[in-house]
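Biologist: I am new to this structure. Show me how to read its features, one at a time.

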Amino acid sequence: IPQSIIHGDPNDHNVLVCPTSPTTFCGILDFGDLVHSHIVNEVSIACAYAMLNKPNPIVIASHIIAGYQQEFPLSTIELRSIFLLSCMRLCTSAVMGVYNISLHPENREYLEVHSKPAWVLLEIFKQLDREEAIKQSLALIPET
């Protein structure tokens, strides 16, 4: 599975949109989580954050995956791993949120921005059939 330097934290607080075209991505912020890792982790992390607080989180992920696949094609193994890798990022966000709140209770509101909805989404995902969730998340990828 290919590796490279990845941003490591592509979330709604680190993405810049163009002021003249709010649906156009034009940059990213916060390079504190740059890491050498598997490239598939980048799209998995982006999916994890994008699914938070959404009524149809798997549909949201399917759009991100489809767009990523158009620009940077991933193998079948990588594609099938995105849902579980996204769940792992949700676990990390949830647990690290609780830990950081214990250290900095005065920053609770900020620290819960991703951690609190991560717990909610993990509870939802716990009820899903894993294979069906993977299939739905890849629904917009043409079969090869």
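Modeller: Start with Met-88, which lies in helix α3. Helices here are DSSP runs of H or I with at least four residues, strands are runs of E with at least two, and both are numbered from the N terminus. The model is predicted, so local features need pLDDT of at least 70 and side-chain atom pairs count only at pLDDT 80 or more, while totals for chains, interfaces and linings use all residues. Residues are numbered from 1 along each chain as its sequence is written, and side-chain values use heavy atoms, with hydrogens and water left out.

Biologist: Is Met-88 buried or exposed?

Modeller: Buried means under 20% relative accessible area, exposed means over 50%, and partly exposed lies in between (1.4 Å probe, protein chains only). Met-88 has 52% relative accessibility, so it counts as exposed. Its C-alpha is separated by 15 Å from that of Leu-128, 40 residues apart along the chain.

Biologist: Where is the kink in α3 centred?

Modeller: The bend at a residue is the angle between axes fitted to the seven residues ending there and the seven starting there. In α3, a kink of about 40 degrees is centred on Ile-82.

Biologist: Which residues of α3 are buried?

Modeller: First, the general idea. An α-helix has 3.6 residues a turn, so residues three or four places apart point the same way. The buried residues of α3 include Leu-79, Ile-82, Phe-83, Ser-86, Leu-90 and Ile-101. Glu-78 and Arg-89 are also among them. The buried residues of α3 pack against α1 (40-51), α2, α4 (108-126) and α5. Contact means heavy atoms within 4.5 Å.

Biologist: Where does α4 bend?

Modeller: α4 bends by about 40 degrees at His-114, and Pro-117 follows within four residues. α4 has 19 residues and reaches 26 Å from first C-alpha to last, close to the 27 Å expected. His-114 and Pro-117 are among the buried residues of α4, as are Leu-121 and Phe-125. The buried residues of α4 pack against α1, α2 and α3.

Biologist: What describes two packed helices?

Modeller: The angle between their axes and the distance between the axes. Axes are lines fitted to C-alpha atoms, for helices over the stretch in contact, and angles run from 0 to 180 degrees between N-to-C directions. Helix α2 (residues 57-71) and helix α5 (residues 130-137) pack at about 50 degrees, with axes 8 Å apart. That makes α2 oblique to α5. Under 35 degrees is roughly parallel, over 145 roughly antiparallel, 65 to 115 roughly perpendicular, and the rest oblique.

Biologist: Which residues of α2 and α5 meet?

Modeller: Ile-58, Ala-61, Ser-62 and Ile-65 in α2 meet Ala-133, Gln-136 and Ser-137 in α5. Take Ser-137, which is buried at 2% relative accessible area.

Biologist: Which residues have a positive phi?

Modeller: Most residues other than glycine have a negative phi. Asp-30 has a positive phi of about 65 degrees. Asp-30 is in the loop between β3 (21-28) and β4 (35-38), and is partly exposed at 37%. Asn-53 has a positive phi near 60 degrees. Asn-53 is in the loop between α1 and α2, and is exposed at 65%.

Definitions and conventions:
Expected span 1.5 Å × (residues − 1).
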